[in-house]
Amino acid sequence: MWIIPRPNYSASSLWTNIFENDFFQLLKTKPNDSLLGKLANLAVVASDQHPLTYRIIYKSKPQQIIAVSNSLDIIKDHWNFLIQEIIPKILQCDDVRDQFVITKISGMANCGVEEEEDQNDQHSLKEFKTQFDIDEKLVTCFICTLPTRIDVLKPTPGKMFITEDKICFYTSNPPTRIMIPFSSVNSITKENTLGFIPSAIKIKACIGPDEKTVTEFSFHFIVRDQAFDMLEQLWQYSMDQLYESTNIDNISSPLSNDRSLLSSSSSFNDLQSIDANNNNNNNNNNNNNNNNNNLGSPILKPKTKQFLNIEKKNKDFQRVFKLPMDEELIQVHVCWIVRNKNSLLGELYISPNFFCIKYKERFTAKKFTTVIHVSQVESVYKSKPFLGISVLTDSLVITVISGRSITLRLFHCDEALDTMKKYCSNLQSSNNQQQQQQQQQQQQDEEYHSNLIKQPSSPNFREKLRLETIGTNLYAQEPSIILEDEKIEKRKFEMWDNYFKKNGMDTTMSITRRLTYLTHLGIPEFFRGHIWSFTSGACFMWEKEKGYYDNLVKINDEILIENNSNSNSNSIVGSSGGGGGGNNLFIDSEKITQAIEDIEKDVRRTFSHHPYFRDNGPGVDSLRRILIAYSRRNPTIGYCQGMNNVAGIMLLYMKEEAAFWVLCKVVELYLCDYYSKEMIGSIVDQNIFEDLCKEYLPEVFSHLEKIGLPVKILSTPWFICLFVSYIPYPVATRVIDCLFLDGTTVLFQVGLAILKINRNAIIAERESEVVIELVRNKKYDIDELIDVTFQDFNGLDERIKNLRNSHKFSEIRKNHRNKLKSNSFLFNQNSETNSPITTTTTTTTLL
C-alpha cells in the first residue's frame, strides 16, 4: 500500500535488495539472530499495521519509505507502476524530481488509491475470533509489543485487536491475553522512548479486583500515531456513550445498569490467565456487549476503520481552519502556492462551503493558513501550465471579491477545478446583491458611529475589514478603557496595515506567525471586533448560515406577540413549527421559558456602568435578543450565567449578529460543556488548573487553601466569563485577543501568570475577600502579564489535552455511578411500597 513518505532509518544490513534502479529500491526483511539484530528486527516488525515484509524506498536525501506490504504481488504492482508511470515523468524534469515524487505518492496515499487491508484481512479476523471468543466487531489490529521485566530487551511481538468496546492484546510467547474495556480506561498517552525500542502508548485502566486498582500497560510501536488516534477516538466514543446514558431520564431500575463499568473482575481474570478457553470471561463480556447495546448511545454509525479515519480527517480539518463542526472534507490536493515568485509546498482542502490552503515557508517554521468561503470567490480558473508544459502541474488561480488572487500549482488540477466550480456556481448570481447590501450597511454604520472615536487612516479598511455588520466602536464609551500613547497606537496601525496589505483584509486573510506576534502585542481597538470574529472562526459560521440569526429573532418576536395576545397560554411555544426549517426551534418549551426568566434577571446588570447598557439602553435589547436566540438554538443549555458577560463585551466591538456567532463559538468550542447542567467542562478544567497550580505555584496553592479560598473557587469565574469583569477591562480584552487565536490553553496560562505576578501579595494576605479584590483591581502591566503567560507557562497544550481526557472520563464515571445508586435507591423504595402509582409519581418528580 502507498503511504505518506517518511524517512527510512533502518540499517541496510536488515534488508535484502530485490530490485533497484537509479531512483527506487524494493527491499525485503531478513532474519538476524544476534541480540542487536533481534532488537532491530523488533523495531521493524512492531509496525502500526502488519509486519513490514516488503518496502519501497525512494532514493532522496534522506531516503523515504513510500510503500509497504506483506504481499509480494502487491509490492510488485507498486514497483511496476513506478517503472511505467513515475520514472518517465521525472526523467523529463529532473530539477523538481523530489517535489514531484513526494507529492504524487502523498496524493495517492491521501486519496486512497489502495486502501489498507487489515480491516478485511480474514487471517487477522480469524485469529481474533480464535484468541478472543467474544461477539464484537473487529475495527482494526496492530502489531506491537508489551515488554515485561523478564523480556524487556527481547519482547515477543504480539497483536493488539481493537473493537468498538475493548482493547484486546495477544502474544504467543508466553501465551498472554489481555482485555481492557474502554469504559475502564483512565488515560491514554504517548510515551517517548530512546534507542531501538519503539515509541510507546501508555494505557492506565481500572482492571483489577476493585475500581481503585489501576494497572498500567506500555504498548510499543514503531509508528504509533495511527494506533493512538484510533484508541483515542474509540475512548472518546465510550465517554460520549456513558455521558449520554447518564443523562437519560428513564433509568428506573438497576436492571438497566451499564455493567461494563462492573467488568473489572472479568478483565482482571483475563490478565492473570494464559488459558484461551476462559468461558466465564467470554460470557461476561458477551453480557457486557448486550447491555451496552441497550444504552442510549449517541453514536449510530458503525465504527469501522474507514469511518474513524474519515472522522479524524474531518475533525482535524475543522480544528486547523476553525470551521463549523459539521463541515465535511471532500478533497485534499498536494500543491505549490506561488507567493512572491517562490513556490511553497502546501495542501488545498475542498469542502462544500470552504476552500482552505495550508502551507509552510521553506527552511523556516513559518506556517500559513487561508480560508475562503465560496461566497467570497469571484472567479476560479486554470491558467498557463507550469514551464509551458502540462506533464507535471497546472496552475489554478482563485480570485476573491476583495481583489486578492491566489495561484496554486497542482497535479489533479481539472479535478479540483471541477469540484470548486460546482460549489461556487450556486452562489455566483448572488454576489453582486451581497456587495450592494454590504455597501448600504457600511454607510449606515459610518453615520451611526462617526462621532464616537477618531478612525485610523488605514487605506480601504472600511471596505474590507468587515463581514457585513462586523465592527462597532462602542468600546470608546467604556469608562475604564485606557487609550494608548498616540505614537504607539500609530505604530501598531502601521504594522497591522502592512499585514493586511500582504495577507488580505477580509475573512480570506491568511493566518501566519506574524499575526500571532501582532496579536500578542495587542490588537488595535478599532480592529478588535473584526479580528475576534475572524480568529475565533465565528465569521465562518456566519458565512455558512446567513439568515439563521434573523430567523431566530423573528421566531422569538412572533412568539412574544402570540403570547401577549393569548394570556391564558401556559407555554411560550406556539403550534406553528414550520418556520424553524428543521432547526428544532420550537422544542423544549419549559427549558426556554426558564432560560428567558434567567436572562431577564441578568441583562440589566450586565455592564450596567456602560452608557450602551445603562438605564435600559439599546445594548440591553441587543443582549436580550442574542441570549434568547442562543437558548432557542441550543435548548439543552438554554442560558447560564457567564454567557451574558461574553455576549456583552462582544457587543462593544461588533454588531449584534456577529456577537451572536462569537457566543456560539465560545459556548460550543472554546468552553465546551461549561454551560451545561452538569458543568462537566468547567469542573474538569478546574481540576486541571488545580493540578497545574500545585506544580508551578505550590506556595500560592497552599496559602489559598489555608485561608479558605481554594484555587477552584477563585478561578472558576475567570474561565466561565473569559476573565471579563474579574480583572481590569483592558487586561481582559488582551486575554481574549490571545484566546481566540491560540486556543483555550491561554486561560490556564493567564490564570497561572496572574497568580505568579500576585504571588507575594497573595501570601501576605489572610482574608479571602481581600485576595479576590486584589486580583480583580490590580493595575497590571499588560505587557508583563503577556510575557509571563507565554514564556513561563509555554508548551502546555498536549499535557492539558491528556489531563482533560483523563479528568473528564473520571468525572463522567463518577456521575454515572451516582446516578445508578440514586435510581437503585428509588427502585428499592418503590418495590417496598409495591405500588405502581407511587413508583411512577416518585420517578417523574425526582427525575
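## Pairing of E8 and E9

Strand E8 (residues 166-172) and strand E9 (residues 175-181) pair in the antiparallel sense over seven bridges; two strands are taken to pair if DSSP finds at least two bridges between them. Helices (H or I, at least four residues) and strands (E, at least two) are DSSP runs, numbered from the N terminus. The bridge partner of lysine 166 is proline 181 in E9. A hairpin is formed by E8 and E9, with two residues between them.

The model is predicted: local features need pLDDT of at least 70 and side-chain atom pairs count only at pLDDT 80 or more, whereas totals for chains, interfaces and linings use all residues. Residues are numbered from 1 along each chain as its sequence is written, and side-chain values use heavy atoms, with hydrogens and water left out.

## The four-stranded sheet

E8 and E9 belong to an open sheet of four strands, in the order E6-E7-E8-E9, with antiparallel pairing. The edge strands are E6 (138-144) and E9, each of which pairs on one side only. On average, neighbouring strands of this sheet are turned by 15° against each other, direction ignored. Axes here are lines fitted to C-alpha atoms, for helices over the stretch in contact, and angles run from 0 to 180 degrees between N-to-C directions.

E6 is joined to E7 by six bridges, and the two strands run antiparallel. Within this pairing, cysteine 141 has phenylalanine 161 of E7 as its bridge partner. Strand E7 (residues 158-163) in turn pairs with E8 in the antiparallel sense over four bridges, and isoleucine 162 stands opposite isoleucine 167 in E8. E7 and E8 also form a hairpin, with two residues between them.

## Cover over E8

Which strand is mostly covered, with six of its seven residues buried? That strand is E8. Buried means under 20% relative accessible area, exposed over 50%, and partly exposed in between (1.4 Å probe, protein chains only). Helix H5 (residues 225-246) lies across E6, E7 and E8 and runs at about 35° to E7.

## The seven-stranded sheet

A further open sheet has seven strands in the order E16-E15-E14-E13-E19-E18-E17, and its pairing is antiparallel. Strand E16 (367-373) and strand E17 (377-382) stand at the edges with a single partner strand each, so one side of each is left without a neighbour in the sheet. Neighbouring strands of this sheet are turned by 30° against each other on average, direction ignored. In general, strands of a sheet pair through backbone hydrogen bonds, either parallel or antiparallel.

Strand E13 (residues 331-339) pairs with strand E14 (residues 342-350) in the antiparallel sense over nine bridges. Glycine 346 stands opposite tyrosine 359 in E15, and a hairpin of three residues joins E14 to E15. Helix H8 (residues 305-321) lies across E14, E15 and E16, at about 75° to E15.

## Packing of H23 and H25

Helix H23 (residues 711-720) packs with helix H25 (residues 745-757) at an angle of about 135°, their axes being 11 Å apart. H23 is therefore oblique to H25, given that angles under 35 degrees count as roughly parallel, over 145 as roughly antiparallel, 65 to 115 as roughly perpendicular and the rest as oblique. The contact is made by Leu714, Trp718 and Phe719 of H23 and by Leu747, Phe748, Gly751, Ile754 and Leu755 of H25; contact means heavy atoms within 4.5 Å.

H23 passes H25 in a right-handed crossing. A crossing is left-handed if the near helix is turned anticlockwise from the far one by less than a right angle, and right-handed if clockwise.

## The chain as a whole

The chain contains 30 helices and 19 strands. Of its 847 residues, 53% count as buried. Among contacts in the chain with a separation of 6 or more, 66% are accounted for by residues 24 or more positions apart.
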